[in-house]
Amino acid sequence: MAIDIQPACLGLYCGKTLIYKNSSTEIYGECGVCPRGQRTNSQKYCQPCTESPELYDWLYLGFMALLPLVLHWFFIEWYSGKKSSSALFQHVTALFECSIAAIVTLLVSDPVGVLQIRSCRVLMLSDWYTMLYNPSPDYITTIHCTHEAVYPLYTIVFIYYAFCLVLMMLLRPLLVKKIACGLGKSDRFKSIYAALYFFPILTVIQAVGGGLLYYAFPYIVLVLSLVTLAVYMSASEIESFKDLLLRKKRLIILFSHWLLHAYGIISISRVDKLEQDLPLLALVPAPALFYILTARYTEPSRILSEGANGH
């Protein structure tokens with residue numbers, strides 16, 4: 001097979017796009033930006049992304065998908081009030097919205113119509129920030145080669161957030177208006193208003209820090225789940241197993257944190273060696289057990305009461 005030989009491309013992400021191919025000849029264009037769904041290989045040719053995402057990639061997408069859901073649940077709980085019967089229905093609705101948004105996002109991604117995506121392998125942090133690596137050979141003219149080298153891990157998150165926002169605006173106001181009778185008119189829609197704030201914030205975080213989150217999210221999950229569990233157990237004055245079993249809600253929150261612990265551990269280990277990594281999941285209950293066993297020595301209830309009294 002004959003290949004059209006041209007000078008090598010400058011920069012990390014500039015490549016030559018295939019413009020003609022037959023059984024004996026491949027002709028490539030000039031160096032430039034690769035089309036969407038392609039990235040440069042080691043020979044500086046644009047190649048289609050045909051691989052399936054790795055487990056770590058799916059875990060990253062799962063983390064980004066969970067962020068709006070957890071924020072929805074937090075603000076619903078925050079604004080619904082203790083006596084409101086609408087919180088459970090709003091929690092279920094938020095889960096439904098995010099689940100449908102995730103399914104639709106996968107269906108509209110390439111290949112269209114199936115719950116699969118094709119992707120390019122993430123090789124290094126700079127793959128997320130190709131706009132910073134546009135070459136300038138004469139220090140005057142810049143060759144723009146910005147493209148999604150981590151296709152589709154960067155843009156698919158924005159698509160998912162857009163569907164979440166649309167579904168929330170279509171479903172949640174009607175539900176809240178019908179069932180949130182225990183709340184005042186000004187309080188009924190506060191969880192929706194909160195979402196109108198945190199969705200733009202999540203979008204900016206993904207746009208600016210998507211690559212950093214890709215490498216840091218396992219540790220973020222693990223640390224935040226440990227901190228929030230400790231804060232919740234101290235605020236609820238849980239100092240024994242009996243206190244933990246008093247309410248079903250406490251057990252639900254505990255199991256939710258255990259799932260987050262397991263998610264963080266699996267993400268860090270990547271389960272490369274299954275027989276070695278799975279025993280790490282036995283550590284999931286350890287923080288809660290450690291807290292309960294040591295609560296009698298720290299007396300969090302006394303610390304909270306002193307803080308409330310200003311001492």
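The tour runs from the whole chain to single residues.

**Before you start**

This is a predicted model, in which local features need pLDDT of at least 70 and side-chain atom pairs count only at pLDDT 80 or more, while totals for chains, interfaces and linings use all residues. Residues are numbered from 1 along each chain as its sequence is written, and side-chain values use heavy atoms, with hydrogens and water left out.

**Whole chain**

Colour by secondary structure. The protein has ten helices and five strands. Both are DSSP runs numbered from the N terminus: helices are H or I with at least four residues, strands are E with at least two. Now colour by accessibility. Of the 311 residues, 38% are buried. Buried means under 20% relative accessible area, exposed over 50%, and partly exposed in between, with a 1.4 Å probe and protein chains only. Then turn to contacts, meaning heavy atoms within 4.5 Å. Among contacts with a separation of 6 or more, 66% join residues 24 or more positions apart.

**Annotated spans**

Look at two of them. Residues 219-238 are 85% helix and 0% strand, with end C-alpha atoms 26 Å apart. Residues 278-295 are 56% helix and 0% strand, and their end C-alpha atoms lie 29 Å apart.

**Helix α2**

Select residues 87-108. The end C-alpha atoms of α2 are 32 Å apart, which agrees with the 32 Å that its 22 residues should span at 1.5 Å a residue. The expected span is 1.5 Å times one less than the number of residues. Which residues of α2 are buried? Show Ala87, Gln90, His91, Thr93, Ala94, Glu97, Cys98, Ala101, Thr105 and Leu106.

**The largest pocket**

Centre on Val70, Trp73, Phe74, Ile253 and His257. Of the 40 lining residues, these lie nearest the centre of the largest pocket. Pockets are found on a 1 Å grid over the protein atoms alone: a pocket is an open set of points with protein on both sides within 12 Å along at least five of seven lines, and lining residues have an atom within 4 Å of a point. The volume here is about 2,000 Å³. A volume is the space filled by probe spheres set on the points, with grid points joined across faces, edges and corners.

α1 (55-80), α2, α5 (190-235) and α7 (248-269) each supply at least two lining residues. The largest share, twelve residues, comes from α5. By class, the lining has 26 nonpolar, nine polar and five charged residues. Ala, Val, Leu, Ile, Met, Phe, Trp, Tyr, Cys and Pro count as nonpolar, Asp, Glu, Lys and Arg as charged, and the others, Gly among them, as polar.

**The second largest pocket**

This one has a volume of about 330 Å³. Select Leu61, Gly62, Ala65, Ala102 and Tyr160, the closest to its centre of the 16 lining residues. α1, α2 and α3 (155-179) give two or more residues each to this lining. α1 gives the most, with seven. The lining divides into 13 nonpolar, three polar and no charged residues.

Select Arg250, in helix α7. Arg250 counts as buried because its relative accessibility is 11%. Leaving out residues up to four places away in sequence, Arg250 touches Tyr232, Ser236, Ile238, Asp243 and Leu244.

Now select Arg36, in the loop between β3 (25-32) and β4 (38-40). Is Arg36 buried or exposed? At 55% relative accessibility, Arg36 counts as exposed. Beyond its neighbours within four places in sequence, Arg36 contacts Glu148, Tyr151 and Thr155. Draw a line to Cys49, 13 residues away along the chain: the two C-alpha atoms are separated by 9.3 Å.

**Backbone stops**

Most residues other than glycine have a negative phi, and most peptide bonds are trans. Go to Lys44, in the loop between β4 and β5 (46-48). Phi of Lys44 is near 70 degrees, a positive value. At 16% relative accessibility, Lys44 counts as buried.

Finish in the loop between α2 and α3, which holds Pro111 and Pro152. The peptide bond from Asp110 to Pro111 is cis, with omega near 0 degrees. The bond from Tyr151 to Pro152 is cis, with omega near -5 degrees.

Methods. 1 Å grid on protein atoms, 1.4 Å probe; cavity = no way out; pocket = protein on both sides within 12 Å on 5 of 7 lines; lining within 4 Å.
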